[in-house]
Structures are given as structure tokens and as C-alpha cells.
Amino acid sequence: MSKTSIRVEKGFSDQELVMAITSNKDLDKALDFIYRNYYKMLETIILNNSGSQEDAQDIVQEALLAFLDMVRKGKYRSEASVKSMLYTLTRNLWLTELRRRGSAQKRDFYFEGEKDSIEKDITDQMAYYEGLKLVAEVFDRLGEICKNILTLFYFEGFSMKEILEKVDYENEQVLRNKKYKCQKELMRQLEASPTLYNNLKSALEHGR
Amino acid sequence: MEDNRAFNYYNRFDDYLKGELDPAERKKLEEELFNDSELQKEFELYKMSIDVVQLASMKNAVEEAQRRFTHYEASLAPTVTTSARTWALRVAAGLLLLMVSYGVLQFALVSSGSLYQSLYTAYQLPVTRGYQLNYTHLDSLYLHQDYDTVLAQYEKLTKKTVRDHFIAAMAAMELGQYSAAIDRFKEVRKQNQGEVRYFEQETDYYLALCYLKNEDLKQALYSLQKIKENESHLYHTAVSSETIIKLQVLLWKQ
């Protein structure tokens with residue numbers, strides 16, 4: 001499927017969404033489905049509470065990222081629907097952002113009532129996510145080749161043999177060496193910033 | 001940690017995290033991690049790097065989805081425009097159909113006689129108290145609608161004025177003698193060469209009606225179009241676009 005055009009060929013149940021995210025199969029279609037079905041609702045949370053459309057785009061992206069991470073780490077509990085989970089994540093992220101901006105708006109915004117059971121999980125997840133967000137930039141500083149190899153291995157779930165068919169390396173050993181160097185460089189960058197390292201470590205411990 | 005050692009450990013870390021180590025190897029690695037704080041720290045850093053890769057990849061996937069969605073939303077705008085255009089076209093098509101239907105109806109029903117009837121109004125000579133005593137004989141006859149006598153008396157006049165020609169023309173029209181009326185109106189124009197012209201615009205209009213009744217449609221159309229184009233013409237409002245269309249329809253039929 002072309003990445004430049006959106007094609008939602010079928011609907012997804014919550015279970016199918018979780019499957020698509022966990023297995024990384026049809027992830028693009030699942031994300032397209034979420035955007036087409038839930039974005040307007042999520043956007044409204046921001047727009048109705050002093051946010052702009054740009055704010056909405058950023059916050060919804062972050063909420064989706066937190067949700068994907070939560071699902072992939074098995075921390076999503078299906079008793080809360082995907083829709084309500086996204087709603088709560090978006091609401092909390094926006095509340096955090098408003099607090100960060102020092103807006104008085106947050107007092108009016110803090111919700112009409114329910115303290116649902118997913119609240120604590122989300123707070124934990126948010127702290128974890130906040131830490132992880134900081135290091136996404138570190139990954140971007142790696143070269144394209146490194147990013148590609150590491151993504152194929154750790155995100156797409158391809159074996160080294162399968163990756164070899166996708167990249168231009170003589171043999172699997174050379175590819176393994178390259179992957180080792182890439183990962184070493186990434187770790188070096190993480191280690192180079194003690195603040196970043198400690199924040200991330202704390203977040204990982206909190207999130208696991 | 002030097003490279004060879006690290007390389008081996010990293011491969012074992014991957015297998016361990018994927019659950020691909022056999023139980024003995026797994027136990028061995030766990031013992032090493034438990035007993036070696038440096039190795040443990042390296043392992044934590046390793047896991048952290050994997051988290052970074054996964055998070056960054058997810059971030060890219062979400063950003064791509066956002067871009068596709070934005071593109072999709074933008075593509076809806078032209079759809080709306082197209083829809084609006086479609087509606088506009090439908091309305092235009094409807095109007096066109098109405099116009100065509102109207103045209104067909106007009107084509108079927110319009111005749112020079114019916115058009116003439118819709119345009120003709122009997123000419124009323126100006127009647128004011130101050131002028132009553134000065135009415136000429138023809139005026140008087142015309143006011144009494146004695147059109148035959150108007151024409152008879154007109155013929156007897158040795159010296160005919162513009163006014164006489166005009167009253168005679170109007171009387172001829174009333175009697176359905178359109179060719180005679182045309183001749184009289186032409187006399188009006190012929191004599192009306194001075195600085196002050198009498199009955200000039202009345203003549204334009206009634207002469208055009210005579211052409212119409214006489215089936216000289218091209219001349220009628222030309223005359224009425226001139227009146228319609230001239231906003232200050234006395235009969236400008238009497239000639240509508242519909243009149244012109246009907247005349248054109250008559251011409252097509254002809």
C-alpha cells in the first residue's frame with residue numbers, strides 16, 4: 001500500500017487493532033483506521049480546551065505513540081476500549097501540556113467525574129513515555145543505514161537473514177558487524193548524557 | 001567492554017530477549033548478569049537502546065499515518081468542491097432543461113399574432129383641457145374611434161402634417177391595414193427631419209408592431225431590439241427580453 005495515500009479497506013475491532021499493533025502486521029492500516037475514526041473526537045478535546053489544530057496534531061500523535069508502546073509491552077488492558085484509552089491518553093497529555101504552559105485552563109478542564117481504573121496505568125505509562133520521548137531524537141542522529149537495520153530487526157521483527165535480502169551487504173556476518181556497530185553507537189550516545197540516561201532508566205523501571 | 005566480547009554478548013542478549021536461548025544458556029546468562037554489575041549495566045543500556053529503536057520506529061509510523069490522514073482530509077476538500085460543482089451543474093442543467101422546455105413551448109405556441117396582441121396598446125392621443133379646443137378634425141375623429149373616417153379625411157387633406165400622418169397610421173392599424181399604416185409611419189419619419197421631432201418614438205414602436213403583424217419579422221426584430229437597447233426610449237420597458245426571444249423563435253419557425 002502506498003504510504004502517501006490513505007486506504008482503509010476494512011474496519012478493525014479493538015482486538016484486531018491490538019493484534020495489528022502487536023504483530024506489526026497491517027500496522028499502517030490500523031493507524032489509518034484509528035485516525036479516520038477517532039481523530040476528530042480526540043481533536044475536539046484539545047480544541048475545546050484552549051488548544052489549536054497544531055496542538056491537536058502533536059498531542060494526538062503523542063497519545064497514539066504512548067498507546068502503541070503500551071500495547072506492544074502488553075500493558076493495554078482490554079477492559080478499556082481503544083477509543084476510551086485514546087481519549088484518556090489524549091486528555092492527560094493535553095492536561096500535562098497545559099500544566100507545563102502554566103495555563104489556568106487546566107482547572108476548568110479536569111474532568112467531569114470519573115476516576116476510572118485505567119487512570120494509574122496511564123499515569124505510569126505517561127511517565128515512561130515522557131522519558132522515551134526524549135531519546136527519539138538520539139535515534140534520529142544515527143545514519144540512515146543504521147536506522148534501517150535496527151528498525152528492521154527490532155521493530156519489523158525480521159531475522160538477520162531476511163534483512164540481508166533487503167540491504168546491500170556481502171554476507172550475514174558483515175551485516176551482524178554493522179548492526180553491532182550501530183547499536184554500540186546508539187548506546188554510546190545514550191551513555192554520553194547522564195541526565196538522559198538516568199531519566200530513561202528511571203522511566204524504564206517505572207514502566208516495566 | 002571490548003568489541004569481541006561485547007559482540008558475543010549482544011547476540012546472546014538478542015536471543016535472550018526473544019526467548020530463543022535454550023534453558024541452559026538462559027540460566028547461564030542470567031547468572032552472569034546477576035554476578036557482574038558491569039554486564040548488568042551493559043544489558044540495561046542494551047534494552048534501553050532497543051526501546052529507543054522501537055519508539056522511534058513507532059513515532060515514524062504514527063507521523064506517516066498523520067501525514068496520510070492530512071492528505072486524506074485535504075482530498076475531501078476537492079470532493080466537496082466537486083460536489084458543489086456537481087450541484088451547480090445540476091442546477092444549471094435543470095435551468096437549461098427549463099429553458100429548452102420553455103423554448104420548445106414558445107416555439108410551439110408563439111405566433112406573430114399572439115406576440116402582437118401582447119405588445120399592442122391602442123394609442124391615446126394626449127387629452128388635456130388646454131388642448132381640447134385646438135384638436136384638429138382628425139384628432140376628434142380618432143378620439144371617437146371613427147377610424148374609417150380618419151383615413152378618408154386624411155386622404156382629402158392637401159397639406160398633411162406629421163401629426164396627420166401619425167393619426168392616420170394609428171387609425172390604419174386599428175383597422176388592420178398594416179401596410180397602409182407602415183406607409184403613413186414612413187411619412188412621419190420622412191417629414192420629421194426638423195430639430196423638434198413629433199411622434200418619433202411612438203412611430204418606432206408602432207411601426208415595429210406593423211412589421212410584426214405583416215410577418216416582416218427581421219424588420220420587426222431589428223426595430224424592437226433598437227428600442228430595447230435604448231434605455232431612454234419611451235417604449236423601452238415595453239420590449240422585454242422575452243419579446244426578443246419570442247421574435248427570434250418566430251424567425252426560426254419562419
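A: Happy to. One place to begin is helix H2 of chain A, where the buried residues include Leu27(A), Lys29(A), Ala30(A), Leu31(A), Asp32(A), Phe33(A), Ile34(A) and Tyr35(A). Tyr39(A), Leu42(A), Ile45(A) and Ile46(A) are buried in H2(A) too. Keep in mind that this is a predicted model.

Q: Where does helix H2 of chain A bend, and by about how many degrees?
A: The bend is at Tyr38(A), and it comes to about 55 degrees. The helix itself covers residues 27–47.

Q: And what sits in the loop between helix H1 and H2 of chain A?
A: Asn24(A) is found in that loop, with H1 spanning 14–23. Its phi is positive, about 65 degrees, although Asn24(A) is not a glycine.

Q: Is Asn24(A) buried, exposed or partly exposed?
A: Partly exposed: Asn24(A) has 18 other C-beta atoms within 10 Å, and a residue needs 20 or more to be called buried.

Q: Switching to chain B, what is the phi of Gln145(B)?
A: Gln145(B) has a positive phi of about 60 degrees, and it is not a glycine either. You'll find Gln145(B) in the loop between helix H6 (137–143) and helix H7 (147–156) of chain B.

Q: Why is Gln145(B) called exposed?
A: Because Gln145(B) has 11 other C-beta atoms within 10 Å, and the limit for exposed is 12 or fewer.

Q: Let's do the contact between the chains. How many residues does each chain put in?
A: Chain A puts in 38 residues and chain B 28 residues. On the chain B side, helix H1 (3–17) and helix H3 (37–109) each supply at least two residues.

Q: Which of the elements gives the most to that side of chain B?
A: H3(B), with 25 residues. By class, the side of chain B that touches chain A has 17 nonpolar, 5 polar and 6 charged residues.

Q: One more spot: where is Ala208(B), and is it buried or exposed?
A: Ala208(B) is in helix H10 of chain B, residues 200–213. Ala208(B) counts as buried because 25 other C-beta atoms lie within 10 Å.

Q: What does Ala208(B) touch, leaving out residues up to four places away in sequence?
A: Its contacts are Ala220(B), Ser223(B), Leu224(B) and Ile227(B). Take Ser223(B): it is 15 residues from Ala208(B) in sequence, with the two C-alpha atoms 5.6 Å apart in space.

How values were computed
Residues numbered from 1 in each chain as written. Chains lettered and ligands numbered in written order. Predicted model: local features only at pLDDT ≥ 70, side-chain atom pairs only at ≥ 80, totals over all residues. Bend = angle between axes of the 7 residues up to and from the residue. Helix = DSSP H or I, 4+ residues; strand = E, 2+ residues; numbered from the N terminus. Contact = placed C-beta atoms within 7 Å. Nonpolar A, V, L, I, M, F, W, Y, C, P; charged D, E, K, R; others polar.
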